[in-house]
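Please examine the sequence and the model shown here.

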Amino acid sequence: MEQDQQQMRNLRDFLLVYNKMTDICFSRCASNLNYRTLTMDEESCLDSCAGKLIRSNHRLMGAYVKLMPTIVQRRLAEYEKKAGELPQAAEGTSLPDSNAPLPIQQSNLQPADTNQQAPITPPSEVTASPGS
């Protein structure tokens, strides 16, 4: 199953590169669509374009294959370094004591003064609204 998926990815990657190359070379070289066959200029342009793209792809893949082991080693060393730092960081920081009291935060609210009360207006002094 894994091998089939890998083959499908390889085929998809190849088709993407092929389609991109075809698109680039066609847009550069096909200037006249009046004939069914390629002219000599178009054919030589397409050969040159495709050859350049294939050679550049081979050079890029060669550089990738040459550099990839060093990149993987560097990433592995960074990963191991970070993995080694995690236990040291955990030892350096201590968790708060679960039995310790929590700090009390000051509130902006003022305590209500229970000695002061709002004045009570007797019902006889309540004025009626002018529309009643």
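L15 counts as partly exposed because its relative accessibility is 38%; buried means under 20% relative accessible area, exposed over 50%, and partly exposed in between, with a 1.4 Å probe and protein chains only. The residue L15 is placed in helix α1, where helices (H or I, at least four residues) and strands (E, at least two) are DSSP runs numbered from the N terminus. This is a predicted model, in which local features need pLDDT of at least 70 and side-chain atom pairs count only at pLDDT 80 or more, while totals for chains, interfaces and linings use all residues. Residues are numbered from 1 along each chain as its sequence is written, and side-chain values use heavy atoms, with hydrogens and water left out.

L15 belongs to a nonpolar surface patch together with M8, L11, F14 and Y18, and the accessible area of the five is about 510 Å² together. Patches consist of residues with over 30% relative accessible area and no salt bridge, like charges being joined within 9 Å and nonpolar side chains (Val, Leu, Ile, Met, Phe, Trp, Tyr) within 5 Å. A salt bridge is a side-chain nitrogen of Lys or Arg within 4 Å of a carboxyl oxygen of Asp or Glu. Accessible areas come from the Shrake-Rupley method with a 1.4 Å probe, and for residues only the protein chains shown count as cover.

The structure holds one aromatic pair. F14 and Y18 form this pair, which is stacked, at 6.2 Å centre to centre and with 25° between the planes. Rings of Phe, Tyr and Trp (its six-membered ring) pair if their centres lie within 6.5 Å; planes under 30 degrees apart count as stacked, over 60 as edge-to-face and the rest as tilted. Both residues lie in helix α1 (residues 2-29), four residues apart, about one turn of the helix. F14 counts as exposed because its relative accessibility is 52%, whereas Y18, at 43%, counts as partly exposed.

How many disulfides does a search of the whole structure find? There are two, a disulfide being a pair of cysteine sulfur atoms within 2.5 Å. One joins C25 to C49, with an S to S distance of 2.1 Å. C25 lies in helix α1 and C49 in helix α2 (residues 40-92), so this pair ties together parts that are 24 residues apart in sequence. C29 and C45 form a disulfide with their sulfur atoms 1.9 Å apart. C29 counts as buried at 5% relative accessibility, whereas C45, at 27%, counts as partly exposed.
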